[in-house]
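Here is a friendly walk through some local features of a model. Please have the sequence and the 3D view open as you read.

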Amino acid sequence: MQERHSFSDERIIRDLLRPVTQTSMMNWVGFIVLGTILTAFLFAVGWMFYWGVGVTGLNRAAFWGFMIVNFVFWIGISHAGVMISAILRLTQAEWRRPVTRAAEVMTMFSLMTALLFPVIHTGRPWRTLYWAFPYDFWRGIWPDVRSALVMDPSAIMTYLTGTILFVYITTIPDFALLRDHSTGWRHGLYRVLALGFKGEERQWKMQIITGFLLAAIMLSIFVSVHSIVSWDFAFSLDPVWHSTVWAPYFVIGAVHSGVSAVVTLMALMRWMFKFDNYIRHEHFDAIGRLLVVVGTTWMWFFLLDIFFDLWRQDPADDAIMHMRFFEWPYPLLLAFVWIFGYFIPVPIWAFRRFRRNIKLMFWTSIMVNIGMWAERYWLVVPGLQAKYQWTFSWLPYRPGPVEITLVVGSFALVGFLLLLFAKLVPPVPVWDELEGQHLAAEIQVGKRTVPAIVREF
Amino acid sequence: MSPRWGMVIDLDRCTGCQACVVACQAENNIPINTEAVYLQNRAIEWIRVERYWDGEYPNIKARYIPVPCMHCSNAPCEPVCPVYATYHTPEGINMQVYNRCIGTRYCAVNCHWHVRFFNFWQPKWPESLQNQLNPNVTVRSRGVMEKCTFCIQRINHAEQNARLDGNRPLRDGEVNTACAQACPTRAIVFGDLDDPESQVAQIANTTTRGYKVLAELGTDPAVLYLKKIDPEAPAHGGAESA
Amino acid sequence: MRRILRPVVFGLVVLVLLAIPVVAILARSYFLSPTAQPAKAQPIAFTHPFHVNTLGLDCTFCHRTASTQASAGVPALEQCMFCHRVVPTTNKPNLERLVQAFESNTPIQWNRVHQMPDHVKFVHSMHINAGFDCATCHGQVQQMATVEQFRDLRMGDCIDCHRQNNARTDCAVCHY
Amino acid sequence: MRKGAMRRRDFLKLVATSTTGAVLFTGCGIGDGDPEREFKIESPVLNPVDLVYGRDNWYATAAGECGLIVRVFEGRAKKVEGNPDFPTNLGASDARAQALVQEVYHPDRIAQPLRLTGARGSGEYQNASWDDALTELGNDVNGARGATLVITPPLSGPMGQVVNEFVRAADAQHVAYEPEDRVVLREAVRRVFGTDTLPTLDLANTNFLVSFSADFLHTWISPVQFSRQYGEFRQGREDVRGTYWHVSSRMDGSAANADRWLPITPGTEGLVALAMAQVMVSEGLVDRAVAERVYSGISLDQYAPDAVAETAGISAEQITELARRFAEGKPSVAIAGSLAAAHTNGLFNLTAVFALNYLVGSVGQAGGIILNPAPPFGSDVPGPSSGLSYTEWTGVVNDLNSGRYQLVIVNGVDPVYGLPEALGLREALANAGKVVALSSFLDDTTLQADLILPVHTTLESWGLIAPDPGPGYQAVALQQPVVNPFVDSRAAGDIFIEAATAAGASMPWPTYEDAVRAAVDSLRRLNRGNIEAADAKQYFMMAQAQGGWWDTTETADSAPNAPETATAAAQPEYAGDPGQFPLYLLPFPSNSLGYGETANLPWLQALPDPMTSAVWSTWVELNPTTADRLGVGTGDVVRLVTPRGSAEVPVYVNPAAHPDVAAVPMGQGHTDFGRYAKGRGTNPLDLVEPATESETGALAWAGTRVRVEATGRKVRLPRFEGQVPAFQLEGAPIIEVIPSEH
């Protein structure tokens, strides 16, 4: 059943370092395409800075739109890192090995991208210094900690710091490996980054303990970050936003979209870097099973949220629910959310045969993220554009070209950074893979053969 | 003892003529709402007049309500601002500090009366029209929120004069907002709610028609509306208080 | 030895990096401080010391609205000419310039000396009537050959003074 | 005052070149343009009276029927408020008064005399000096003796006097332009009440008000005055809340505030009034003798509610109830205007309605219609007068076409825009030898001029206005310049004086200001009124300070006799075959733009319409069922086809629109009126077939039928309201409504 081959260490190292040492055609195409979109993104940002937020499609009712939706989306994606690395590491799920680095790095870059959006969507981004950094001590004016927008950056910055540390700690052995396999400027760079890692027993021990500790600490962040992001909305009094269920709902939604994004990434890595031997069907199988659980939980929360709104019997809530279900374009979005986010992928994932079909997994994971993006839009925007009883002031929101560019560009930004990162650091942790090779065993559980690990220390 | 500014708007007097809207625009340097601004749904009217239909043709009614900022005592817009750009003055006015504002628009998202406005564009006047601008009011740049201030420049000016005039308290009628001053039907009355002699306090204390819009949110607005009277309205029809 | 030295060097590098923005902000604040700006020459070298000390004029003799209006008021040339019609002007280039400006109907554009930040409304009359001397903010103008800004007059300065004197410090007092 | 004024003017010249006047705190942060900080302070040369830094000056002046006070700061008009002393408005003002400052500082104001270089209407002008322009005007006036036409609004007071002097000196003909429904109204008032002045209302004491199509709160004759009274009418009394019914074929801003709105077939206002009279008489609610006198020649019995109901489109029960409440709710008032006057039977509509007031005895009584006395001017000063009717305009156009007029002088009106295209005034002006326009803006008429002389705007002018309608007693508003002219303009009165002098007349006043002063002095000699002063100079100053003169004791004769001659009952006639043109085209004056005279002011263009909240455009209001039948919705462009022509406008689906009516606002469709009005929207008068009111000959601008055709195009109609028709959510009303106070 397992298509795994046992390779020699040299072969593994050579294979896994290939993305760093060689630049394939695919790679160049990726750089050029993503780079072009990224240029458009930067241009759009510059355009918006120059002319003001007026170039977007935001209006007097819908003061938040695509950019905030996108912010929530990328924060959601970032939850893949903790889920895969921290939780699966702590629970010692063996199948995590080839995907941890990709997930963590994606966390890092999607967090950075996400953080960009609340800043560029402000009216005067050059004044955001007031926001996070209280430099005006003598005037006695401070950021207002009652505001979810102040909690938000601190939570996200904590998460970002933790993630960067985590990525770094787990990469140190690979830096050492790269140092030994490279010459010239790269050698110098990796020498510094490796922090003198020589593979001594003590160094390994410390590296692994640090990894575990960070993973444990990150668990709390896992819950807090997206809860706080949900509080950006739930703290307000706005109908349908004003809900206590939003925090866990957002967290589970984040995991749903994040883990799906990891699937997308795994498939892409497999094709791009020819990692067929390292990112294998059983990994997709395992992650697919995880997704069935996560997706279903998310659906449960989704329905719960709707029921809460209906039970509340508030006219303003009802009006927005009516709008969400019956007024263009929200029924379409809802169809996206349900069909793409749940009803196509999850039944497919229920079958082992489909879980092992990488193409199918790739497309379903993309579907989930389309659905989840639509879900954020469906949650955030109608609540604004039909806020409260002032039917006279209910105004529709249509995103402008600048916002669309910004959203598309944010995907390019993350992709570009990931590609760039893969040129510096192997996208699959070499040491982890080697460790897995050395420690792996397969155990029989009932009719199944599952990978297991026998640790010696 | 500082005053507590408040407003009473009598919906039975209001005819929807919108003199208040233009008066406010003239007083507070509100940029001209061009056609493009309306098409973008970004018109700025610190006080606006909303029109609601009621009934079906031919028994249809149009009803008007002027909506300025409510200056809530527990304003939902205030705690959400990350930089304290909006805050409550001791005199009960919900102020926007333009210098401080960075434009997250969170306050507008959390304002349920739709009375906070964002400068999506840099406001522009033809050069000759700039001569009309009120020098006592800051012209807001793009990227900041703005809102009704109860004509704070008039209040400050009157308070300064009262201070210079032997530090006496303000008299009722000494300060008036531009909208109340213009209103031809005298539907809008502005004044100190804590001064029992003031017209606004007397109306507020004696009326049987008072109600506050979205009072169920518990924000304690400083604007009291007087219910519209319609002899043909059902006794408990649309007038049901939530 | 290296095991100790390395972390120490590392720590120092981090500290220096962190210090850069702080230093930059402090430096900006210092060099852009209004009091740090060089004194500006004026189109007519009006001497406050002469008019105040020698002639014994009061500030409000020329700045007439200081106690009643927001603005202290820069006198119109007509007001200068009130005296200088009588005072001989020959061979006094500054006075000749004044007379010429008056006769050719050209307003004089003085360089503003006291710089306050944007969007703050300062009311002279309130402060004068609260009993403050002009010199509290403007310094000993009667001893300045060229008038310079005496106080910082930025928000920190204003707030300190307001706190010391129990004046209102809520934003709407100055910002509206 | 004049000395000071001269100095202020000097100051303005100086400011134009300096920084302090123009640099206004534009920015609010980095990268936002100019900082608010000023780097220069200016010592002005002189100490002008109104140039005290930081101090506001308030000047009383007037515009229309309103007394105003204007805040002037450092030589610039900043804010207009109502004059709390002036009797018509008592401190109230409206959007149009507020927007007067924009007229002064309008970027497209004509800044100096212009002489035509291209063809008429091409808009190609070159600058001319005032000396040249006035010399040219003088020569023209002398050359066109006996062949000069002067077009102005109806003038009273010193301005009328000055123009009369000019007309006499130049042997010219003087015609006045005003909206055509006003011509009918004046004739109706003359017939029913026997006065030349328009009546006012004592709403503060009225119990029952019925308005027949008169949008008295927003556009009809004196909205500020009536609105102020309306507030008292509703809530000013302890025990009574006035009841207000509205009978009209379009729900306008006033009808929206009515306790009940009766949607009738257009033009049947008079029939409904007769039916009311019939009910009141037959039920013995009113004196039959009075009714027979005021409706002499009309057999009321023919007009029982049952007979009228079908034509009028409302039920007989509604008419009966209206009549009963009108008769029982004394003091009660019935008024009619606007659309009611703009039909072929307009005069009948108005007279039939106004006569109702005699039945309930509310003419000249508290809570009723209050007649205004003639203004307190001397016999040489003209009082209120009427504009030309459409029929008379046809005569003027024929004269123009026959080449009778060598010179046409237009001052302060835009008849080319305001009269329908069918009249052909634009083409007729081309046959005049020369057209001289006294105007601040390049409007449709001015665009036909060979010589344009820029005149002062309201806030820069002198004037003495007898408000029409007045407050019920003699009152005169003194208009004074509150700022110096912003551009190199002159007072229209001064130009007429200059031209009359050139024509050889010896004018009693060197300037128009002197004419105003002389008129004020004549008021002083009456020895009554609100002003007490020792001498003429102080009297004038007091008049300036108070904003006018009034004498509360000098009222009109109370309760004049009911008219002997009634107007024959008539049905409205419509141009266009009902089969081909199924709907009625109802143009209506817009709340903010009126008949188009204020379309150049951006604040008013941007002011949402009270019913539709539409702005900056022309639209057609259709009932939802009508719109459904045509397959159109809000924002769909439709073609309005009348026998006269067609125009394409977007639809606004108005749930309160009469199903048989296509209502289009007036005010837009200017060829040129500055950047804010130019080429915007459509003028519905261009679609109107030139049917005339049967007796007065005034244009029946609501007397045309229309066909609405979908074009398939769609635009976004700029409007303030949002995406859904604004009905209140069930159980959570924004506007709480109760049936009564208790």
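The report below covers helices and loops in chain A, then strands, helices and loops in chain D.

## Before you start

This is a predicted model, in which local features need pLDDT of at least 70, side-chain atom pairs count only at pLDDT 80 or more, and totals for chains, interfaces and linings use all residues. Residues are numbered from 1 along each chain as its sequence is written, chains are lettered from A and ligands numbered from 1 in the order in which they are written, and side-chain values use heavy atoms, with hydrogens and water left out.

A word on naming: helices (H or I, at least four residues) and strands (E, at least two) are DSSP runs, numbered from the N terminus.

## A helix in chain A

Let us begin with α2 of chain A, residues 25–51. The expected span of a helix is 1.5 Å times one less than its number of residues. For the 27 residues of α2(A) this gives 39 Å, and the end C-alpha atoms are 39 Å apart, which agrees.

Several residues of α2(A) are buried, among them A:N27, A:F31, A:L38, A:F41 and A:M48. Buried means under 20% relative accessible area, exposed over 50%, and partly exposed in between, with a 1.4 Å probe and protein chains only. The buried residues of α2(A) pack against α3 (66–90), α4 (100–120), α9 (246–272) and α16 (401–424) of chain A. After α2(A) comes A:G52, with a positive phi near 105°.

Two packed helices are described by the angle between their axes and the distance between the axes. In chain A, the axes of α6 (residues 148–181) and α7 (residues 184–193) come within 8 Å and cross at roughly 140°. Axes are lines fitted to C-alpha atoms, for helices over the stretch in contact, and angles run from 0 to 180 degrees between N-to-C directions. α6(A) and α7(A) are therefore oblique to each other; angles under 35 degrees count as roughly parallel, over 145 as roughly antiparallel, 65 to 115 as roughly perpendicular and the rest as oblique. The contact (heavy atoms within 4.5 Å) involves residues including A:Y168, A:I172 and A:F175 of α6(A) and A:H187, A:Y190 and A:R191 of α7(A).

The loop between α7 and α8 (201–234) of chain A holds A:L195. This residue is not a glycine, yet the phi of A:L195 is positive, near 55°. At 55% relative accessibility, A:L195 counts as exposed.

## A three-stranded sheet in chain D

Moving to chain D, there is an open sheet of three strands in the order β18-β19-β20, with antiparallel pairing. Two strands pair if DSSP finds at least two bridges between them. β18 (463–465) and β20 (548–555) of chain D are the edge strands, each with a single partner, so one side of each has no neighbour in the sheet. On average, neighbouring strands of this sheet are turned by 15° against each other, direction ignored.

β18(D) and β19(D) (residues 473–479) are joined by three bridges, and D:L464 stands opposite D:L478 in β19(D). The loop between these two strands contains D:P469, and the peptide bond from D:D468 to D:P469 is cis, with omega near 5°. Helix α18(D) (residues 512–526) lies across β18, β19 and β20 of chain D, at about 45° to β18(D).

## Strands around β24 of chain D

Which strands pair with β24(D), residues 646–653, in the parallel and in the antiparallel sense? β22(D) (residues 620–622) pairs with β24(D) in the parallel sense over three bridges, and D:E621 has D:Y652 as its bridge partner. β23(D) (residues 636–641) runs antiparallel to β24(D), joined by five bridges. Here the partner of D:R639 is D:E648, and a hairpin of four residues connects β23(D) to β24(D).

## Around α13 of chain D

The axes of α9(D) (residues 269–282) and α13(D) come within 7 Å and cross at roughly 25°, which makes α9(D) roughly parallel to α13(D). Residues in this contact include D:L271, D:L274 and D:M280 of α9(D) and D:F348, D:V353 and D:L356 of α13(D).

The loop between β13 and α13 (346–359) of chain D holds D:S338. Although not a glycine, D:S338 has a positive phi of about 45°. Is D:S338 buried or exposed? At 5% relative accessibility, D:S338 counts as buried.
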